[in-house]
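The points below may be read beside the sequence and the model.

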Amino acid sequence: MNVKCPICSGEHKKVMTLLSTNLKVMGSSFPNTKSYIVSCDDCGTVYIDTDATQEDFNNYYNSGFSKTISYYEAFGEKITNDYFNNIYQGIKGYITFESQILDMGAGHGEFSKYLLDLGYKNILAIDPSEKNCEDIKNYGLNYIQNDSFINDDTLKEKFDLIIFSHALEHILDFQHSVENIKSMLKKDGIFYLEVPDSKKYCNVNFPSFFFFTYEHLIHFTQETFVNFAKSYGLDLVQSNTFLKCESYYVINGIFKKNGKSEPIQYTDETKNAVERYLKYSKEKLIPVIKQLEDSQEELILWGVGASTAQLLNDTFDKCNVIQLIDNNPSRQGIEFNISNKKLKIKSPSDVSKEESSIVVLPIMYKKSIIKQIQSLGFKNKIITLE
């Protein structure tokens, strides 16, 4: 594995934890290799070291494996509008109704539509997903189906504002993406960046390891923002941490180009935050896992994906796991070592014993999975990890 630090391009790193024993759970194009969360010895950035490529992740985001959140569906109109207004209050002093605005990684286009309704007409939304672009089109917005690596001379130095919200942390070829974004920004334009705040991963009651999803390739703190600005020739004009949609904490920042990079300093803030979260996640699972270890009841683990596969590293090693089940045919056949056994993910139709307990791994989707299990006629005892 040879992923360089996305902030300083350093190659010296230390492994913090194993992330995955088999990356194929992300999709067939991914390698059947391990991946790790590492910290950079030169600047302290925490990121994923992997044999996967940017093309692998592009394929993932254009497949049925990845789903883009709809804020209005997930959080409702009031909470979503409050969130969008919070972003708007931070950027409105830098733009006019005539400003050229680019919403990069626009998702369903909901924030772009919010700006459109406020009177901003010169908005371009870019997203790699065909489905998302259909939604953007239905809002009456200009759009391009592409990603942050788009190479279009007509977009160079065009935009007064570029919004990059909850997207940059998902990009493996980080440097290429950032430099391309900068090339599309006018000399006095602003770059709005928003990402999860790793210092506050432990401040919300989310499932264990939720923020260690394989999609999350770099972990940010305020200190990371400072080093990011220095390394990429940007001025950090302002920054803020807040609770997004009454859900989890994020950092946002407004950056301007200054044309020169500066030396960056090592900080262990992000490393310490991620270590706290790793410990917190393990301790949170202890009560339910201890019961399963003591009982030695036969377990069927149901729902293996990007947000849950880390649970297969060692969490259940002392339990009596007999099967792995997932409804996605593309994941079926992928092998993991659990409880001193080599187990392949199988389909729900392959559940072998009704007396075995089913452990639903994804807490965020537990209701829909339990409903699916019951609709299939299974009478097994169902356990969730909370």
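1. A residue is called buried here when its relative accessible area is under 20%, exposed when that area is over 50%, and partly exposed in between. The model under discussion is a predicted one.

2. An α-helix has 3.6 residues a turn, so residues three or four places apart point the same way.

3. An open sheet of 7 strands has the order S6-S5-S4-S7-S8-S11-S10, with mixed pairing. Strand S6 (142–145) and S10 are the edge strands, and each pairs on one side only. From one strand to the next, the twist averages 15 degrees. H4 packs on this sheet and touches S4, S5 and S7, its direction making about 175 degrees with that of S5. Helix H7 (residues 222–231) also packs on the sheet, where it touches S8, S10 and S11; the angle between its direction and that of S10 is about 155 degrees.

4. Within that sheet, strand S4 (residues 101–104) deserves a separate look. Which way do its residues point, and are they buried or exposed? Ile 101 and Asp 103 point one way, Leu 102 and Met 104 point the other way, and all are buried. S4 and strand S5 (residues 123–127) run parallel and are joined by 4 bridges. Across this pairing, Ile 101 stands opposite Ile 123, and Asp 103 stands opposite Ala 125.

5. Another open sheet is made of 6 strands in the order S14-S15-S13-S12-S16-S17, and its pairing is mixed. Strand S14 (335–338) and strand S17 (382–384) are at the edges with a single partner strand each, so one side of each has no neighbour in the sheet. The average twist from one strand to the next is 30 degrees. Strands of a sheet pair through backbone hydrogen bonds, either parallel or antiparallel. Strand S12 (residues 298–302) and strand S16 (residues 357–360) run parallel, joined by 4 bridges; the bridge partner of Leu 301 in S16 is Val 359. Helix H9 (residues 366–375) lies across S12, S16 and S17, and runs at about 150 degrees to S16.

6. In soluble globular proteins, nonpolar side chains tend to be buried together. The largest nonpolar core in this model has 113 residues, of which Phe 228, Leu 301, Phe 316 and Leu 385 touch the most other members. Helix H8 (residues 269–295) gives the most to this core, with 7 residues. Leaving aside its neighbours within four places in sequence, Leu 385 has contacts that include Leu 285, Val 288, Ile 289, Leu 311 and Phe 316. Val 359, Val 360, Leu 361 and Ile 363 are also among its contacts. A second, separate core has 10 residues, among them Trp 302, Val 351, Val 360 and Phe 378.

7. Most residues other than glycine have a negative phi, and most peptide bonds are trans. Ser 9, in the segment before strand S1 (13–20), has a positive phi near 65 degrees. Phe 209, in the loop between S8 and strand S9 (218–219), likewise has a positive phi near 65 degrees. Ser 9 is partly exposed, with a relative accessible area of 33%, whereas Phe 209 counts as buried at 6%.

8. Finally, where does Cys 245 lie? Its place is in the loop between S10 and S11, and Cys 245 is buried, with a relative accessible area of 6%. Beyond its neighbours within four places in sequence, Cys 245 is in contact with Tyr 71, Phe 75, Ile 79 and Tyr 83.

Key: Residues numbered from 1 in each chain as written. Predicted model: local features only at pLDDT ≥ 70, side-chain atom pairs only at ≥ 80, totals over all residues. Heavy atoms only, no water. Pairing = 2+ DSSP bridges. Helix = DSSP H or I, 4+ residues; strand = E, 2+ residues; numbered from the N terminus. Axes fitted to C-alpha atoms, helices over the stretch in contact; angles between N-to-C directions. Contact = heavy atoms within 4.5 Å. Core = buried A, V, L, I, M, F, W, Y, C linked by side-chain atoms within 4.5 Å. Buried < 20%, exposed > 50% of the residue type's maximum accessible area, 1.4 Å probe, protein only.
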